[in-house]
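Open the model in your viewer and keep the selection tool at hand. Each stop says what to pick and what is there.

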Amino acid sequence: MASTLASPRTRPQVRGPLRRMDLAALHGEVHRFSGIVDRFGSFACGEQTVPTICIRSLRLEASAAPVQPDHWWFPLRDIWSEAGVRAGDTVLFTAKVQRCSKGSLDPDAADQPEGTRGRRCSRPREQVIGFGRSPRSVVVTARAIGSRAVVQEVLSEKAAITRHLDVARAELERSTQHRDALLADIQRLQDQLHERDDRLAHNAQAITRLLQRIQRRCHSARRKAALAALLALVVGLGGGLVIGSGISGGPQQLPSPHWGQRRG
């Protein structure tokens, strides 16, 4: 049975350093042990590669006493994967202490240089007291905080994100100010357009009134011109009648200068 995270049982208070306990003293018994996930590895088994997991700093959970050996390689079975273990996690597992083989295909071969993993070790195969291939239960009691490099990287990323946020906030503030300035300009232009429309409407009314006055004056001037032409026509007709009547009476005869002489 596997679980993602669980709280460890409260250990008894002890004073002074604890003596390391040999697993041989617990042979055949089932106990709970705690340890830290050290790393992951693998070893060759025929044509297959078996993934492994190393648990270090092993302690007997009941007394918190360190045990010997202080680390153990387990085949990476589903029970570890289901618990979601990661390097650096503190785990609590239940396992039976029993006799097992260790040697020629020891998962510790993962510590060998690259290219030599899975090959036979120089150490001969031997029977040792340890754990079975798979524990009975695994729980994660504490997640790894991470190495200093990882923490530094996270802090650097956080600082970079903070800087980006500051730049984004400053840019947002500038954009807001620019938007407000544009809105003020738009409002001012709209007011100017309203004023111009009002002036144009007023000028249009004035031009309409002026055109009406001009039309009235033109109409009055045409009437006056017509009356003047009619008067001139009348006057012209009257003068012509007078002249015509004078012509129709004939010329008057003047007395002859010799008329008196003849008569005398």
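This is a predicted model: local features need pLDDT of at least 70, side-chain atom pairs count only at pLDDT 80 or more; totals for chains, interfaces and linings use all residues.

Select Asp 191 to begin. At 35% relative accessibility, Asp 191 counts as partly exposed. Asp 191 lies in helix 2, which runs over residues 148–248.

Now select Arg 209, another residue of helix 2. Arg 209 has 40% relative accessibility, so it counts as partly exposed. What kind of surface patch do Arg 209, Arg 213, Arg 216 and Arg 217 form? These four arginines make a positive one.

Go on to Leu 230, also in helix 2. Leu 230 is partly exposed, at 48% relative accessibility.

**A pair within helix 2**

Side chains of opposite charge can pair when their charged atoms come close. Arg 174 is partly exposed at 45% relative accessible area. Glu 171 is partly exposed too, at 41%.

**Zoom out**

Show the whole chain as a cartoon. Its secondary structure comes to three helices and nine strands. Follow the sequence and the pattern reads β-β-β-β-β-β-α-β-β-β-α-α. Colour by accessibility next: buried residues make up 22% of the 264 residues in the chain. How many salt bridges does a search of the whole structure find? It finds seven.

**Strands 3 and 4**

Select Arg 56 and Asp 38. Arg 56 forms a salt bridge with Asp 38, with 2.9 Å between the closest N and O atoms. Arg 56 sits in strand 4 and Asp 38 in strand 3 (residues 30–45), so the pair ties together parts that are 18 residues apart in sequence. Arg 56 is partly exposed, with 32% relative accessibility. Asp 38 is partly exposed at 26%. Salt bridges that share partners join Asp 38, Arg 39 and Arg 56 into one network.

Stay in strand 4, residues 48–60, and pick Thr 52. Is Thr 52 buried or exposed? Thr 52 is buried, with a relative accessible area of 1%. Show the side chain of Thr 52 and draw a distance to the backbone nitrogen of Ser 42: the side chain reaches that atom at 3.2 Å.

Step along strand 4 to Ser 57. Ser 57 is not a glycine, yet it has a positive phi of about 55°. At 36% relative accessibility, Ser 57 counts as partly exposed.

**The loops around strand 5**

Move to Ala 64, in the loop between strand 4 and strand 5. Check the backbone here: Ala 64 has a positive phi of about 65°, although it is not a glycine. Ala 64 is buried, at a relative accessible area of 10%.

Pro 69 is the next pick. Pro 69 is found in the loop between strand 5 (65–68) and strand 6 (71–75). Is the peptide bond from Gln 68 to Pro 69 cis or trans? That bond is cis, with omega near 5°.

Select Asp 89 and Arg 143. Asp 89 forms a salt bridge with Arg 143, and the closest N and O atoms are 2.6 Å apart. Asp 89 lies in the loop between helix 1 (78–83) and strand 7 (90–102), and Arg 143 in the loop between strand 9 (137–142) and helix 2, so the pair ties together parts that are 54 residues apart in sequence. Compare the two partners by accessibility. Asp 89 is buried, with a relative accessible area of 0%, whereas Arg 143 is partly exposed at 30%.

Key: Residues are numbered from 1 along each chain as its sequence is written. Side-chain values use heavy atoms; hydrogens and water are left out. Helices (H or I, at least four residues) and strands (E, at least two) are DSSP runs, numbered from the N terminus. Buried means under 20% relative accessible area, exposed over 50%, partly exposed in between (1.4 Å probe, protein chains only). A polar contact is a pair of N or O atoms within 3.5 Å; within protein, one must be able to donate a hydrogen and the other to accept it, and residues adjacent in sequence count only if both atoms are side-chain atoms. Patches are made of residues with over 30% relative accessible area and no salt bridge: like charges are joined within 9 Å, nonpolar side chains (Val, Leu, Ile, Met, Phe, Trp, Tyr) within 5 Å. Accessible areas come from the Shrake-Rupley method with a 1.4 Å probe; for residues, only the protein chains shown count as cover. A salt bridge is a side-chain nitrogen of Lys or Arg within 4 Å of a carboxyl oxygen of Asp or Glu. Lys and Arg count as positive and Asp and Glu as negative; His and the chain ends are not counted. The place of a charge is taken as NZ of Lys, CZ of Arg, CG of Asp or CD of Glu.
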